[in-house]
Amino acid sequence: MLDQLKDIICQYVEVNREDISEESRFVEDLGFNSYDFMSMVGELEDTYDIEVEEREIVDIRTVGEAADYIKKLQSEE
C-alpha cells in the first residue's frame with residue numbers, strides 16, 4: 001500500500017518518490033496545500049473504495065498515519 005500511496009502523492013506535489021517515507025509530513029515535508037491534500041483524499045477514496053471522515057482526516061499529518069487510516073477503513077468494510 002505504501003508504494004501505491006507514494007505514487008498518488010507524486011501526482012499532487014513535486015517530490016521524488018524515494019524522498020517519501022512513512023514519517024514524511026504532508027504539509028511541512030512534502031509541500032501540500034489544503035486544496036492538494038483534499039484532492040488527493042478524493043482520489044484515495046476512489047482508489048481504495050473507502051469513505052473518509054473529514055473530522056478524522058484533519059488529524060492525519062504523515063504518510064504513515066494516512067496508510068494506517070486507509071487500512072483501518074478497509075478493515076471496517
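**Exercise 1. Find where Asp 49 sits, and work out whether Asp 49 is buried or exposed.**

Step 1: Asp 49 lies in the loop between H2 and H3. Helices here are DSSP runs of H or I with at least four residues, and strands are runs of E with at least two, numbered from the N terminus.

Before going on, note that this is a predicted model, where local features need pLDDT of at least 70 and side-chain atom pairs count only at pLDDT 80 or more, while totals for chains, interfaces and linings use all residues. Residues are numbered from 1 along each chain as its sequence is written, and side-chain values use heavy atoms, with hydrogens and water left out.

Step 2: Look at the backbone. Phi of Asp 49 is near 55 degrees, which is a positive value in a residue other than glycine.

Step 3: Check the accessibility. Asp 49 has a relative accessible area of 56%, so it counts as exposed. The cut-offs: buried is under 20% relative accessible area, exposed is over 50%, and partly exposed is in between (1.4 Å probe, protein chains only).

**Exercise 2. Describe how H1 and H2 meet.**

Step 1: Recall what to look for. Two packed helices are described by the angle between their axes and the distance between the axes.

Step 2: Apply that here. The axes of H1 (residues 2-12) and H2 (residues 34-48) come within 10 Å and cross at roughly 140 degrees. Each axis is a line fitted to C-alpha atoms, for helices over the stretch in contact, and angles run from 0 to 180 degrees between N-to-C directions.

Step 3: List who touches whom, with contact meaning heavy atoms within 4.5 Å. On the H1 side you'll find Gln 4, Leu 5, Ile 8, Ile 9, Gln 11 and Tyr 12; on the H2 side, Asp 36, Ser 39, Met 40, Glu 43, Leu 44, Thr 47 and Tyr 48.

Step 4: Sort them by type. The residues of this contact split into seven nonpolar, four polar and two charged. For the sorting, Ala, Val, Leu, Ile, Met, Phe, Trp, Tyr, Cys and Pro count as nonpolar, Asp, Glu, Lys and Arg as charged, and the others, Gly among them, as polar.

**Exercise 3. Explain which parts of the chain the salt bridge of Arg 17 and Asp 3 ties together.**

Step 1: Start with the total. The structure holds five salt bridges (a side-chain nitrogen of Lys or Arg within 4 Å of a carboxyl oxygen of Asp or Glu).

Step 2: Pick out the pair. Arg 17 and Asp 3 join their side chains in a salt bridge at 3.6 Å, N to O.

Step 3: Arg 17 is in the loop between H1 and H2 and Asp 3 is in helix H1, so the pair ties together parts 14 residues apart in sequence. Arg 17 is partly exposed, at 31% relative accessibility.

**Exercise 4. Do likewise for Lys 72 and Glu 56.**

Step 1: The side chains of Lys 72 and Glu 56 form a salt bridge (3.9 Å, N to O).

Step 2: This pair links distant parts of the chain, 16 residues apart: Lys 72 is in helix H4 (residues 63-76) and Glu 56 in helix H3 (residues 54-57).

**Exercise 5. Work out the surroundings of Tyr 69.**

Step 1: Tyr 69 lies in helix H4, and at 9% relative accessibility Tyr 69 counts as buried.

Step 2: Setting aside neighbours within four places in sequence, Tyr 69 is in contact with Val 52, Glu 53, Glu 56, Ile 57 and Ile 60.

Step 3: The side chain of Tyr 69 reaches the backbone nitrogen of Glu 53 at 3.2 Å.

Note on methods
A polar contact is a pair of N or O atoms within 3.5 Å; within protein, one must be able to donate a hydrogen and the other to accept it, and residues adjacent in sequence count only if both atoms are side-chain atoms.
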